[in-house]
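Try each task yourself before you read the solution.

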Amino acid sequence: MSEPMTMDITLTVNGRRVAATTGAHLSLLRWLREVAGVTDPKYGCGEGVCGACTVLIDGELASACLVLAAQVDGASITTAAGLCEPDGSLGALQRSFHEHHAAQCGFCTPGLLVCAHALLRDARGRLSRQEIREALHGNLCRCTGYQPIVDAIEDAQSRGVQG
Amino acid sequence: MNDEVRTSKLDELRVVHRPLARHDQAEKIAGTTRYAGDLVLPHMLHARLVRAQVPSGRILRRDVSAARELPGVVDVLLGEDIPNNEIRVDVPGQTIEVQPLRASMQVLATDRVRFHGEPIALVVADSEDVLARACSLVEVEIEELPVVSDPAAALAEGAPLVHETGNLLAEWTIDRGDVDAALAEAAVVVEGEYRTQFVDHAYLEPEAGVGWIDDDGVLTLRVATQVVEHYRDVARILGLPEAKVRVIAPYVGGGFGGKEDMTVEPYIALAVWRTRRPVRMQWTRNESLLARPKRHRMTMRYRTAAAADGSLLAQDVEILADAGAYAYLSALVLLYATVHACGPYRVPNVKIRSRAAYTNNPPASAFRGFGGMQVVLGYESQMDALARRLGMDPGEVRKRNALVRGDRLPVGQELITEVQLPQTIDAVRERAGPKPQPSGPRRVVGRAIASNFQSYGRLVWLNDSAAAWVGFQADGSLTVRCGVPDIGGGQAFSLGQIAAEVLGVELERVTVHFGDSALTPLAGTTTATRQLLMSGNAVYEAATALRANLLAAVAAATGDPVESLTLEPGAVSGPTRRVPIEEVLAICRRGNVPVEALGTFFGPKGRPVTRELAGERIFPDFTFGTHLADVEVDLDTGQVRVLRYIAAHDVGRAINPKSVEGQISGGVVQGLGQALLEELVVRDGVNLTPGLFRYLMPTAADVPDIEAVVLESGEGVGPFGARGIGEPPIGPPIAVIPLAVADAIGVQITALPVTPERVLAAIASRRG
C-alpha cells in the first residue's frame, strides 16, 4: 500500500504560526491536535453534530472535524484557548462562563466558547435568551442543561462584551 | 436521632454552602485541561478494536496474517493471547459474598458473539492511519445464529439461548401484606403498563486513554473512568499482582454511569503489556454508541389500589428489563428498580416481581438513576390516574401518601432522616403560579407534577468505604489526597471546601489530588451518588482528627484549654494569644504531633439480600424531590414544547449551591432527552442509531430554563447534613412530560419517548 500523500501546510493558530509537512488527508481537528499540539478542540462525534471541535477559520465558525487542514492552508485559526488574554488569564467572555459555573465536565466548553464568541461579535442589538439558545443549537452539552451557559452569555452581553 | 444522621447550622459555615466558582472550571474554560485522550507520549502506539458486525453468531475463523504484514502494524491480539480472557463485572474487591450476581464476559470473543459491536481482535499500530487499514484486513468469518431481540420473547419457552445458563439473568421479589385482599376491597384500582427505551449516556467525551509502563514495572493507565479501582480487574486479566497496575483518572468528560464499567482499560493494558510501549486508544462515537452499555429498557405493569380518600392500599408491580447480551450490572440495576418501584409513598401491601432477560441487544448497565429512574414513569403515572379517578388534586394524593421519617419502605428499610416531599410539592406549585394560556388556536397547554426519591450511597451489604488524607504543608497551605474520580460534578472541589471549612484554611491555599489508584487513598467509585457521602465524610473525618491534633498541641504549649481554641485562616486563636499557623505546625513538629491524618469512612452495613427482599436495610438514605412542567402541544404536528420547568429537591445541606443547581438543571435536561427525543433504536439486534446524526439529544434550543429550587432540611447522612443530588433530578422528567401532555390532550402516552408521532396517535385515539 502506498504512503498517504503529504502536503506542506501553514496555519496561524491562536496567533502562533505553525508550518508542517503532514498527511494531506488530515482533518483540521487532527492537524490542530496532532501536529500543532492544540488540544482544546475536542473529538466528540467526527460528523459535525456535537460542536466540541468548533473553531474559527479566518473568523468564520466551523467544525474542525469536517474540514481538511489542506483546504484551509494559510488560514488563521482561533480556538477557545485563543480567547484568553495574552498573559494566559481568562478573557471577558471566559470569566463570565467561570462566574456562572457554565462548565461541568468541560469537554464541550471550548467549542461552546468559540460559538458564543462569534455570536456576541456578530450580534446586532441585544440578543434574547431564546436567540442565544437558538444560536447554540450546534453545540451539545450533556452536563449543564445549558442554563448556566445561556446565563454567562447573556451576562457578558449586558456587560458589553463583544466576543 | 440516629447517630449516622448529620446536621449543620448555616451561621457556623464559612466555606461550605458558598456558591464558589471552581478552579477546575477555570482551567476547562481556558482550554488547558488535559483529558484522557489529550496526553501524548514519545513513541506512542495506537490501538483499535475489530468488532462483530452481526448481533449473534458463532466465530468460524479469524485470520490476522494480512493485518500483521501491513507496515506499521506492531501487534494484533486475539482472545487466546490474553492471560485471562475474562472481564468479571462485580464491585471490585467487595462482592465476594454475592457470587450469584457476578457477571462475566470475554475480553475478546473467541467462539461466540452475542451483540452487534462485540470486540473480537485488538490491533496495535504506530499511527492512527495504519490502524484503520489494519482493522479492515483482519478477517473474521461468523456463522449467524438466531437473534433474540425482545426480553419477553427471550423468556418464552423454546427461545434461542443467548447464554447456555438460560435467558433469565436476574429476578427479585418483594411480598408484603396481602395485595390480593387489598385489591379486592379497595375503593379504586387503577392499572397501567409503561415502557421505557434504550438510552445512551452520550457524554461529550468518547472513551479514551493512554497507558505506559512506568518505573518499577508498574502498568499505568490514564483513562476516562469513574472507577480507578478497575486496576484490580486489569491485573486479573493480565495475571499481574494488583500492586503492579495503576489507574489514573484525570478530569473526565462526563460519566453518567457509562464509564462505571471498564471501557478502554483492558485493551490499552494488553497492548502496552505486549508491546512494552505507550499506547493510546480512542473510541469513535460510533463505537461508543454501538458497544458501551445502555440504560435498560423496561416494561412495567402496575395495579394500584387506594381508599376513597386517596390513601394507597396496595401496589402490584411487574417489571421486565432488557439487559442485552451481557450481564454487567443488570442484577443490581434491577434491584434498584424493585426497591424504588413504589415511589416515595407509604404502601401497606406490596407485591413486586422483577426480571431481567438476556437478549442480543447492546448490553445494558449503569446509567444515572440506575433502575430507580424508569419506575418513576410507572408510579407517578399511577398516582395521576388515581387522582383522576377519585377527582382529587394530584398534589394532595401525593402528600397524603408521602413517606415520613420512621416509615418503612416496602423492602423493609426504615427512613432515618427527615422527608420534605410535601415541601417540594408546595415549592414548585407556589413558584409556578397559574397555568399559562396556549399561544394559538390549534394549541393546548398542560401542566403536571411528578415526585420521586432516589437512593444516595451504595447498597449497604457492599461494605462500602472511602479513604482520604489531609495534611498541612509547612507554610500552612493544605493538601488533600483522595482517590475520587472527578467526572465534572465538582467532586474534588467539594472535598477542598469541606477540608477548608473544618481546618480554617483559605480555599485558595487548598489543593486536592484525586483519582490515582497508586498515590491517593482509595475512595471508591464516582457512582451511585456516593462520593459526597463517602469521600466527603472521609475528608471530614480526616480533617476533624487533624484539627484535634493541632488544637491539643497548641493547648499544651500555651496553657489555654483546648475548648477555648479555634482554628481560623492562618492561625489558632485562644484567650491568651493568637498563634500563627506556621508556629502551630512548628509546635506540632517539636511535640511529635502529626500534621496529617488519614480518614476512612465506612458506610452503613447490612446483610446480603436474597432474591426475596424482605425486612432489610438496602441503602444509606434517599433524596426526595418534585418537578413541575408546563407543556404546549401542537394539535396538528404533535410537537411538544416545554414552556416552563421547575425542579425542587431537598439536598439536606448544599455544600456548593451552584454545583447543586448544576446537577439539577443538567439532570433534568438529560431526563427531558429521554422523555422527548432520545432512543437507541435496535432492530433484530442491529443498532440503527450508531451516530449523533441519528441519536437525537436536547440542544439549548430544545429546552427552557430549568428553575431549580434547592430546599435544605439541614439533615442527611453526608457531611454537614448533605444528601446526594447527582442522580435524583433525572427521574421525574420522564414522568412529568407525559403527564403534562396528558393534561393537555386528555390521553396519557405510556411509551417513551413522547414523539410527535405518538402524540398524534394519542390525539387520534381520543377522537376514536
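Two residues are in contact if their C-beta atoms, placed from the backbone, lie within 7 Å. This is a predicted model, in which local features need pLDDT of at least 70 and side-chain atom pairs count only at pLDDT 80 or more, while totals for chains, interfaces and linings use all residues. Residues are numbered from 1 along each chain as its sequence is written, and chains are lettered from A, with ligands numbered from 1, in the order in which they are written.

**Exercise 1. Two residues of chain B**

Task: find where B:A153 sits and what it touches, leaving aside its neighbours within four places in sequence.

Solution: Start with the place. B:A153 belongs to helix α4 (residues 151-155) of chain B; helices (H or I, at least four residues) and strands (E, at least two) are DSSP runs, numbered from the N terminus. Next, the contacts: once neighbours within four places in sequence are set aside, B:A153 touches B:V148 and B:A159. Then burial. A residue is buried if 20 or more other C-beta atoms, placed from the backbone, lie within 10 Å of its own, exposed if 12 or fewer, and partly exposed in between. B:A153 has 13 C-beta neighbours inside 10 Å, so it counts as partly exposed.

Task: now work out whether B:F198 is buried or exposed.

Solution: Look at the loop between β11 and β12 (208-213) of chain B, where B:F198 is found. Count next: 23 other C-beta atoms lie within 10 Å of B:F198, so this residue is buried.

**Exercise 2. One side of a helix**

Task: which residues of helix α6 (residues 231-238) of chain B are buried?

Solution: Go along the helix and you pick up B:Y231, B:D233, B:V234, B:I237 and B:L238. These lie on the same side of α6(B), because they cover an arc of only 160° around the axis (the arc is that of the directions from the helix axis to the C-beta atoms). Now see what they pack against: β5 (87-89), β13 (219-223), β14 (245-248) and α7 (265-275) of chain B. Last, step past the end of the helix, where α6(B) is followed by B:G239, with a positive phi near 70°.

**Exercise 3. A six-stranded sheet**

Task: in what order do the six strands of the open sheet with β11 of chain B run?

Solution: The order is β11-β16-β17-β18-β10-β27 (chain B), with mixed pairing; two strands pair if DSSP finds at least two bridges between them. Check the edges next. β11 (188-195) and β27 (612-613) of chain B each have a single partner strand, so one side of each is left without a neighbour in the sheet. Then zoom in on one pair: β16 (residues 297-306) and β17 (residues 312-324) of chain B run antiparallel and are joined by ten bridges. In that pair, B:R301 has B:E318 in β17(B) as its bridge partner.

**Exercise 4. Where the chains meet**

Task: how many residues does each chain give to the contact between chain A and chain B?

Solution: Chain A gives 46 residues and chain B gives 44 residues. Now sort the chain A side by helix: α2 (92-99), α3 (109-122), α4 (129-135) and α5 (147-158) of chain A each supply at least two residues. α2(A) gives the most to this side, with four residues. Finally, sort by class: the side of chain A that touches chain B has 24 nonpolar, 15 polar and seven charged residues. Here Ala, Val, Leu, Ile, Met, Phe, Trp, Tyr, Cys and Pro count as nonpolar, Asp, Glu, Lys and Arg as charged, and the others, Gly among them, as polar.
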